[in-house]
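Subject: Handing over a structure, with notes

Dear colleague,

I am passing this structure on to you, and I would be grateful if you read the notes below with the coordinates open beside them.

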Amino acid sequence: MSGNRGVLARAERDSAVDLMIIGAGQAGIPLAHALAKESWRVMIAERKDPGGSCVNFGCTPTKAAIASARVAQLARRAGEFGVRIPRMSVDFAAVLGRARGIAAQSRIALRESLVHVHGGNPAYVRGHARFLGRAGRLFRLGIGERVVLARQVVLDTGTRTLVPRGLGLEKVDYLHAGNWLDRPALPAHVVVIGGSYVGLEMSQFYRRMGSRVTLLERGARLADREDEEVSRALRGFLECEGITCRLRASVTRVAKTRGGVTVSFREGGRRQTVTASHVFLAAGRLPNTDDLGLSKIGLGRERDGTLWTDGRLRTRVRGVWAAGDIRGGPMFTSTAWDDFRILRSQLLGDGTRTTARIVPWAVYTDPQLGRVGLSEEEARRRGIRVRVGRFSMSKNGKAREIGEPEGFVKILVDPKTKKLLGATVLAADGAELVHVFLALMNAGARISALRDAIVIHPTLTEALQSAAAALG
């Protein structure tokens, strides 16, 4: 009998995959391809659609929809450029249809790459995977009725909309990041709960589509991770377009009414209500770590639901790695993709690539906010001495010529080394322009490299050089 058990154990070990990836996100998919090319036996399980939040409802469709909103706004402004457009109208369903189509193209390409590129390796499985326990040194995982053994596991399960408890939202058909694409009717009046990055982008999008928008933020300012002058400027841009911004507005109840929804909130100690046709919830993200069977292998979660990882993305359980939004830290598509490069370095390379990295990010309002490194307020809090260089986009020739003079550039430089410590670009194409500063920081170059360069005229990039020149 014991001999039979030994034969079965060896058979199980032989059938085990080298790596199970749970979640076909921005880290998981390229990692699966990279390891399959090196003859690793890889399985990747995805319970819904490949591509993660970016492809399915985040970056890809939102930026496509925001592009439509920008065209609509430019059409409204056509007279400023000497162009007359007799009538401008928005086909909201068509705008969302275009965004869905672009997302679908990306999703199909990802699925086909998983299924066809390497002849069945990686094995792509549709279903929710979770830990069942251990089998010696192997991990036992369940995908529906199927049991899989794996030598190592990468978790790349992403996040979902955080739904605050006790507000009555379970009785309301609210909009959120995961379902907005499937609602082809334009809201007459939408209340956006949450004044951080998603809330800002979606508020401007719906307003430019033709909705009334009320934005409720419980904090003292919008985008409170940014410097106060950035928050103030963003608020000004939104209010100039007719968006009502209510700060220190703590939502206490959301109730369905005959005409839509009523949102109750406290503002400065006073009880207030606003009635609208729709509510868009953008109050944060919740890691998808609560249904993975982590306790079966002794892996605990942090208080916010994320998984602790070291700089090499190892969790506290040997052989289990975490990537993307669930590993805490910056929750961006770009960092998730870089997590793939870290994992590839750990599993296939020399292990030198880590999370010690410079991470830029952007907010796709109009004008855009591009950011990298320290903000001025963060530097002050940490007691870091900086020199600050500023330049207003209203003084940039190209910005005036294209009718986009709003915003500014601000840079922080170490007084001793003259190296860049951080940059803020609040301007047209700010998400693109900030990469000039990212390159300087990655190269460890002094700010004089930009100040003394020859920059094409007229360009928006001249504003970056002018901010550098402001330092003297």
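This is a predicted model: local features need pLDDT of at least 70, side-chain atom pairs count only at pLDDT 80 or more; totals for chains, interfaces and linings use all residues.

Residues are numbered from 1 along each chain as its sequence is written, and side-chain values use heavy atoms, with hydrogens and water left out. The pLDDT, which is the predictor's confidence in each residue on a scale from 0 to 100, averages 95 over the protein chain, and 96% of the residues score at least 70. Over residues 1-8, however, the pLDDT is below 50, and this stretch has zero contacts in the model beyond near neighbours in sequence, where contact means heavy atoms within 4.5 Å.

Next come the sheets. Helices (H or I, at least four residues) and strands (E, at least two) are DSSP runs, numbered from the N terminus, and two strands are said to pair if DSSP finds at least two bridges between them. As a general point, strands of a sheet pair through backbone hydrogen bonds, either parallel or antiparallel.

An open sheet of five strands has the order 8-15-9-10-11, with parallel pairing; its edge strands, each pairing on one side only, are strand 8 (175-176) and strand 11 (244-247). Strand 8 pairs with strand 15 (residues 278-281) in the parallel sense over two bridges, and His176 has Leu281 in strand 15 as its bridge partner. Helix 6 (residues 197-209) lies across strand 8, strand 9 (189-193), strand 10 (212-217) and strand 15, and runs at about 165° to strand 10; for such angles, axes are lines fitted to C-alpha atoms, for helices over the stretch in contact, and the values run from 0 to 180 degrees between N-to-C directions.

An open sheet of three strands has the order 12-13-14, with antiparallel pairing, and its edge strands are strand 12 (249-257) and strand 14 (270-276), each of which pairs on one side only. Neighbouring strands of this sheet are turned by 20° against each other on average, direction ignored. Strand 13 (residues 260-267) and strand 14 are joined by seven bridges in the antiparallel sense, with Thr262 standing opposite Thr275 in strand 14.

Glu267 belongs to strand 13 and is buried, its relative accessible area being 14%; here buried means under 20% relative accessible area, exposed over 50%, and partly exposed in between (1.4 Å probe, protein chains only). The side chains of Glu267 and Arg246 are joined by a polar contact of 2.6 Å, a term for a pair of N or O atoms within 3.5 Å, of which, within protein, one must be able to donate a hydrogen and the other to accept it, while residues adjacent in sequence count only if both atoms are side-chain atoms.

Strand 18 (residues 360-363) and strand 19 (residues 368-373) pair in the antiparallel sense over four bridges, and the hairpin that joins them passes through four residues.

If a disulfide is a pair of cysteine sulfur atoms within 2.5 Å, the count comes to zero. Cys54 is buried, at 10% relative accessible area, whereas Cys59 is partly exposed, at 31%.
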